[in-house]
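Trainee: I would like to go through the labels put on this structure and see what each one rests on.
Mentor: Then ask about them in turn, and we will set each value against its cut-off.

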Amino acid sequence: MKLYRRFLASYLCVCLLPLAFSLVMVANMRQGIEESVRKEQDTTLSAAQNDLESCLVEASNSLEVLSGNDQLENLGLTYFLGSRDVYNMSSILQMLEAVAQQRPSYIRCFAYLPRSGYLMTNESTYHPDQAQLSTWDLDVDYAQLLEGLEDSGLNASVHTLYPEDGGSGYLLVSKSCYDSRYRTLYASLGILIELDKEDSFLNTDTSQMFVLEEDGRLFSGGEVAQEVLPQIVQAQSSRGEVRQDGETWLYSLSSGGNFSNLRYGFLTLRSEYYSSLLPLLWQVGMLLFAVVVGVVLAVFLSRRTWTPMRQIIPVVEKTKGKQGEEYRSLAEFSQALTAFAQEQEQLLEKLSQSEERGNDLDLWRYLLGFTKDASCLSRYLEESQPYRLLALFPAQTETDPSESGGDTAASSKLYKILERVFLDNENGLCQTMGNMVVLLVQNLVELEDIREKVEQVQQETGQMLVCYVSDVCLRLSEAPEAWNWINRACNQDAFWQHPRDAGVWVARELLEYPGYAGDFLAHRKQLFSALAAGKQDKVQKQLDVMLREDILNPELPVEVIRHRCDSVVEALLPYLQESDHKEAMKTVGASTLREMEQGLKTLFQKARLESQTEKAEEEGSQLVAQVRACIQENYQDPLLNVSLIANKLGRNLSTLSHQYKDLTGRGLLEDLHSVRLEAAKRLLKEGKTVRETAELSGYGDSRALIRAFKRYEGSTPGQFVDKK
């Protein structure tokens, strides 16, 4: 009997203890997986938040670089911009365009000059009267954008803007630029950012990133985030669960308090992580069944002998989970957990790749001249070591000009061969940009050596290659200028639709132009006169002259051609309907010269060329009457000045001053003093003292009245009274 009890106790322990241990493990496993999901979610949210905030910091640094531009300060401190000033804006446009290319989320870069009213973006320059054109394609109200630019300070600030269609918003990083004494604001800079283009790899069918404002309003995010936001706001918790369309989503929210004062959130579909647990329930059921059978067998066998127990092998039948996964044993379930761990590793790998993209961005920001930190090149080169920058891409063939060997397999093969031929056993850099491969080659400074290696690559790949080469550089600081020459040469070929023949080309030699000023300014003045006169034949003749001599000239740089086209379109805008304005902006940004030429001709055909003389005279008379009425009504206010007059009339100060002087031959300030002095003379004749006269005529104090008398009357108030 004792032996039976021992056998029975042994078999029961063997059967029941694993069951109890398995049940405890299953209970803890669910909690552990949920905790792992939460931890992974917080890690992903933190990494994404750091990436998005780094985007804003980079934008702030770019604005800081732009604010140190001397030419921008000279333009911003000028009230009336002449033709030469407008021409000089082209260099500012190049810098704005380079800023916008730093990250895919930078959709527009602005520079607003409050004194002259001009607005510059990375796409064009806008006259004060046409500045609203700059936001048409963004569906953002221009007044809202201008308010954000003007509401910035010495340090970069962040504003949120929303499109009129109610979609995801934009972030505006802005900065105000003051003169050396911090007294005069001469420019407001801004970068418009679309956060949906940052960390897009995190947005899948089972996970979504979203951003909230401090008041809980959704700033950007997908459809799921918009639908579950009311539940998240009602929960008032940084972590939790929400239900949507019969599915449960886990969410996490950051605490805010960052550079942009935005709260970042991350949604994860819970079923994606718990689907592997469903087959476990079947395993537990089978385990329970096996234990019950084992207990019965233990009681039966323990009465006889323990020998047959060696032959008992538990059999677990094949079961099928709800997700179509089949497990024969706990080992297969262990493999499912291993797959889950691998999925975590893949997500961490994606975050690591995001950091590598950040390193690549540092290099391109340095080559574009937005940072002077040469550490991104110092790992490959030493100071005073000669090097060149090379850009190679397949040449177009005669049999099929549309193909340039740009498929992924060919590009990868070209990259590997170039890296081996040019950089084998040497330090250097090799990166791809579309179908172009960019090389930084050290010690290989002779063109003949480069040509030999290019021929070797052509033989191995079976492709004809175009290679743009920079001059020999001896300092790391020369790399941005070297890349600028190569980039301009590529843009020049694309604009003129002139495929470069296969071979090695020195970029600087392709861009050395003779003097190209010509008679453009005189031609543009004649075009203005023809438009004002409303003579169609004269306008068409002048357009043909400008196209032939000033625009369709292969000796001109692309930057000059675009600036001249912008100037012509700006002159034509007052004669176009609003529906044609988008086509006008498209013409300025045309990718090829032929598109630009056809666009200009189409715009001139749509222009309503009517004589503007009578209309201008009538509008001028109304403007003069409004200004003089405003002065008469408010001249006694000592705070009244030309800026306040412009604000009362709802007009731009520089434009109003220019128009008023053209119409009357006198400035606004002169007429204001004239009205005040007439009132002062009348009061002095009535026996008022100098102090009383100054207060009643708007000068505020006697010293200001005496200065005005001396300047405009040639005498003092006392001398005026004595004469009378």
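**Labels and their grounds**

Mentor: Glu 460 and Arg 420 meet through their side chains in a salt bridge, at 2.3 Å from N to O. Keep in mind that this is a predicted model.

Trainee: Why is the contact between Glu 460 and Arg 420 called a salt bridge?
Mentor: The cut-off is a side-chain nitrogen of Lys or Arg within 4 Å of a carboxyl oxygen of Asp or Glu. The N to O distance for Glu 460 and Arg 420 is 2.3 Å, so the pair qualifies under that cut-off. In general, side chains of opposite charge can pair when their charged atoms come close.

Trainee: Where do Glu 460 and Arg 420 lie in the chain?
Mentor: Glu 460 is in helix H11 (residues 447–461) and Arg 420 in helix H10 (residues 408–423). They are 40 residues apart, and the pair links distant parts of the chain.

Trainee: What makes Glu 460 partly exposed?
Mentor: Buried means under 20% relative accessible area and exposed means over 50%, with partly exposed in between. Glu 460 has 32% relative accessibility, so it counts as partly exposed. Arg 420, at 41%, counts as partly exposed too.

Trainee: Why is the pair of Arg 103 and Glu 58 said to tie together parts of the chain?
Mentor: Arg 103 lies in the loop between helix H3 (83–100) and strand E1 (106–112), while Glu 58 is in helix H1 (residues 2–67), so the pair ties together parts that are 45 residues apart in sequence.

Trainee: How do you know that Arg 103 and Glu 58 are buried?
Mentor: The limit for buried is under 20%. Arg 103 has 7% relative accessibility, so it counts as buried. Glu 58 is buried because its relative accessible area is 13%.

Trainee: How do you know that Glu 58 also forms a salt bridge with Arg 365?
Mentor: The closest N and O atoms of Glu 58 and Arg 365 are 3.7 Å apart, and the limit is within 4 Å, so the pair counts. This pair links distant parts of the chain: Glu 58 in helix H1 and Arg 365 in helix H8 (residues 330–367), 307 residues apart. Arg 365 counts as buried because its relative accessibility is 14%.

Trainee: How many aromatic pairs does the structure hold?
Mentor: Two. In one, Phe 393 and Tyr 468 are 5.9 Å apart centre to centre, with 40 degrees between the planes. Phe 393 in strand E14 (residues 387–394) and Tyr 468 in strand E17 (residues 465–469) are 75 residues apart. Phe 393 and Tyr 468 are buried.

Trainee: Why is the pair of Phe 393 and Tyr 468 called tilted?
Mentor: Centres must lie within 6.5 Å; planes under 30 degrees apart count as stacked, over 60 as edge-to-face, and the rest as tilted. At 5.9 Å and 40 degrees, Phe 393 and Tyr 468 are therefore a tilted pair.

Trainee: Why is Leu 556 called buried?
Mentor: Because its relative accessible area is 1%, and buried means under 20%. Leu 556 lies in the loop between helix H15 (536–551) and helix H16 (558–572).

Trainee: What is the phi of Ser 384?
Mentor: Near 70 degrees, a positive value in a residue other than glycine. Most residues other than glycine have a negative phi. Ser 384 lies in the loop between helix H9 (375–378) and E14.

Trainee: Is Ser 384 buried or exposed?
Mentor: Exposed: its relative accessibility is 57%, and the label applies over 50%.

Note on methods. Residues are numbered from 1 along each chain as its sequence is written. This is a predicted model: local features need pLDDT of at least 70, side-chain atom pairs count only at pLDDT 80 or more; totals for chains, interfaces and linings use all residues. Side-chain values use heavy atoms; hydrogens and water are left out. Rings of Phe, Tyr and Trp (its six-membered ring) pair if their centres lie within 6.5 Å; planes under 30 degrees apart count as stacked, over 60 as edge-to-face and the rest as tilted. Helices (H or I, at least four residues) and strands (E, at least two) are DSSP runs, numbered from the N terminus. Buried means under 20% relative accessible area, exposed over 50%, partly exposed in between (1.4 Å probe, protein chains only).
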